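Reader: Could you walk me through this structure, starting with the ligand and what surrounds it?

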Amino acid sequence: MRVLGIESSCDETSAAVVSGTGDDATLESLTILSQDVHAIFGGVVPEIASRAHLTAITPVVRHALEQAGCAWTDIDAIAVTHAPGLVGALLVGVSFAKAVGAARGLPVLGVHHLEGHLFATSLDDRAAAPPFTALLVSGGHTMLLDVPAWSEYRLLGATRDDAAGEAFDKVAKLLGLPYPGGRHIEALARDGAAGKVRFARPMLHGGQRAGDADYYDVSFSGLKTAVLHAVRDAEARGTRDADAAHIARGFQDALIETLAAKTIRAAEAFGRTRIVLGGGVACNRALYEEIARRAAAVLGAGSAVHAPSPRLATDNAAMIARAGLFRLERGERSGYDLNAYAALPIPGLVAPGAAHP
Ligand code: KG4
Ligand code: ZN
């Protein structure tokens, strides 16, 4: 089966072609058009994002088909992100998919954006398949899940406030770096000394036990406030520029240690030896290296940590096509009433402790 994927949930217009059966899926093309205009505003402006998607969607889809060497007649189905995200932005992709589906007689399937992030790494590396522990860290979400099989997602923990990427972006703003700030913080932190500026590890302490409400949850708003105070103190001393790299390093180390410790807790608790990272923050090499270091030490030499390549970590349509391929093969289809939703649970998501249907 060959699936055209479409993604327009935030500020990238993307289309991709994926073909295959089961876990034997091949990425044939991927086109991503990033809307750089939002950098001027320091964050995504929803109305501008929707208009930019409208302008871009037709050429982006055409480009992805051309790169894959495909005509419309070579496509078997269309998978499109329909939640969660900016509703106006999502509607551009959903309306386009439904219109082309109707005109070409192709089945259309609405895909959950976060399920896409869970599938993304498997396009780089087929070993990134269930069972695994998943850490999803993007600009909008931070979730720790146990994944015994595709479509069986046990939510173990999430952020209580800011997403990991949001924390990176806010700290970058405090340090005068461009938006989105994650990769700028990572680069600056490389020049910082470990331990020179130390922040408390949010929601991480020795006395926590499985079953405690904060055992897997994370929180980054207190860390962000601590960074704000450190920046102000440095400004008062006149050492802001000299201290910026140490502050970035201190922030990144605190965030990474928290995420890494909780990810390893989850893998240990569920007996997983495989960890899969997803979302834009999964581009961060220091995060990957710390999780890999702890996995080798705690889970043993047979353990593996899989992080997506940068173009598959950040928002893209390849992951939507891949998740769509899985669901289409199960016989799932959406009707013409397919709609866009700002928030929607991942299909197959169950609460901790509950049995899978
Ligand atoms: O998954 P994504 O492209 O969009 C959402 O669905 O939110 O993630 C974007 C987020 C931004 O917050 C960005 O700052 C962050 O990913 N990010 C990084 C890095 N590269 C991107 N955060 C930390 N380190 C990076 N290298
Ligand atoms: Zn995303």
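**Around the ligand**

Author: The shell around ligand 1 is made up of five nonpolar, 12 polar and four charged residues. Here Ala, Val, Leu, Ile, Met, Phe, Trp, Tyr, Cys and Pro count as nonpolar, Asp, Glu, Lys and Arg as charged, and the others, Gly among them, as polar. This is a predicted model, where local features need pLDDT of at least 70 and side-chain atom pairs pLDDT 80 or more, while totals for chains, interfaces and linings use all residues. Residues are numbered from 1 along each chain as written, chains are lettered from A and ligands numbered from 1 in written order, and side-chain values use heavy atoms, without hydrogens and water.

Reader: How many residues surround ligand 1?

Author: A residue counts as near if one of its heavy atoms lies within 4 Å of the molecule. The closest include G139, D169 and G280. The number surrounding ligand 1 is 21.

Reader: Which residue has a polar side-chain atom 2.8 Å from a nitrogen atom of ligand 1?

Author: For G139, a backbone N or O atom is what lies 2.8 Å from an oxygen atom of the ligand. The side-chain atom 2.8 Å from a nitrogen atom of ligand 1 belongs to E186.

Reader: Which residue does a cis peptide bond join to Y179?

Author: The omega of this bond is about -10 degrees. The residue joined to Y179 is P180.

How values were computed:
Polar contact = N/O pair within 3.5 Å; in protein donor to acceptor, adjacent residues only side chain to side chain.
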